[in-house]
Amino acid sequence: MTPASRLSLPRLLAGLLLVLLLGVPALALPGRAEASLLHLEGPVPEDLGVHGGSLSPCWAPAHCARADWPIADPEAALSALVPILETTEGVRILERDGRYLHATATSRLFGFVDDLELYAQPAAGVLQARSSSRLGDSDLGVNGRRLAALRQELSGS
């Protein structure tokens with residue numbers, strides 16, 4: 001590796017950060033993620049919601065996590081998670097319709113937006129949970145850790 005090629009990656013990263021900070025309009029082209037001062041939201045996924053009595057599977061496990069938690073009273077568990085989500089920094093509940101909840105979780109540094117869904121199935125004794133990143137090839141385990149933390153909250157209550 002030559003000295004010039006070693007400098008290219010830091011220069012590339014510095015240039016990308018500068019572009020993000022300045023909010024260059026080229027990043028807001030139709031169909032691309034909108035970026036404005038470290039807020040990378042991305043488009044709302046089309047597979048949100050309950051389909052055929054279930055949350056969507058994770059098509060790309062590198063940036064999505066899904067779990068089915070066996071719970072005696074899934075509706076009560078969902079209700080117990082609402083105040084926790086409401087007080088969690090960066091989390092905003094967008095929809096709460098009976099046994100279904102959709103929230104977004106925004107990361108502090110870059111403003112990446114993840115979609116969090118919970119769906120209570122009382123007849124099956126299951127609370128389904130799904131957390132998926134809107135952008136990127138990998139979430140570095142963030143969505144899996146988010147679901148594990150929520151599960152831990154249920155175990156502690």
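Q: Contact here means heavy atoms within 4.5 Å, so what covers the buried residues of α3?
A: The cover includes β3, α2, β5, β6 and β7. Helices (H or I, at least four residues) and strands (E, at least two) are DSSP runs, numbered from the N terminus. Buried means under 20% relative accessible area, exposed over 50%, and partly exposed in between, with a 1.4 Å probe and protein chains only.

Q: Before we go on, what sort of model is this?
A: A predicted one: local features need pLDDT of at least 70, side-chain atom pairs count only at pLDDT 80 or more, and totals for chains, interfaces and linings use all residues. Residues are numbered from 1 along each chain as its sequence is written, and side-chain values use heavy atoms, leaving out hydrogens and water.

Q: Thanks! Back to α3, which residues are buried there?
A: Asn-143, Arg-146, Leu-147, Leu-150 and Leu-154. Down the helix axis they fall within an arc of 95°, so they line one face of α3; the arc is taken over directions from the axis to the C-beta atoms.

Q: And what does the face turned away carry?
A: That face of α3 has the exposed residues Arg-145, Gln-152 and Gly-156.

Q: Switching to the sheet, what's the strand order?
A: β3-β7-β6-β5-β4, an open sheet of five strands with antiparallel pairing. Two strands pair if DSSP finds at least two bridges between them.

Q: Why is one side of β3 and of β4 left without a neighbour?
A: Because β3 (64-70) and β4 stand at the edges, each with a single partner strand. On average, neighbouring strands in this sheet are turned by 15° against each other, direction ignored.

Q: How do the helices sit on it?
A: Helix α2 (residues 74-86) lies across β3, β4, β5, β6 (113-121) and β7 (126-133), at about 155° to β6. Helix α3 (residues 142-156) packs on the sheet too, touching β3, β5, β6 and β7, and its direction makes about 20° with that of β3. Axes are lines fitted to C-alpha atoms, for helices over the stretch in contact, and angles run from 0 to 180 degrees between N-to-C directions.

Q: What joins β4 to β5?
A: Six bridges, between residues 91-97 and 100-106. Arg-96 partners Leu-101, while Ile-93 partners Ala-103. The two strands form a hairpin with two residues between them, and Gly-98 in the turn has a positive phi of about 65°.

Q: How many disulfides in the whole structure?
A: One, counting cysteine sulfur pairs within 2.5 Å. Cys-58 is joined to Cys-64, S to S 2.1 Å, and the link is left-handed, with -60° about the S-S bond.

Q: Are those cysteines buried or exposed?
A: Cys-64 is buried at 8% relative accessibility, whereas Cys-58, at 21%, counts as partly exposed.

Note on methods. Contact means heavy atoms within 4.5 Å.
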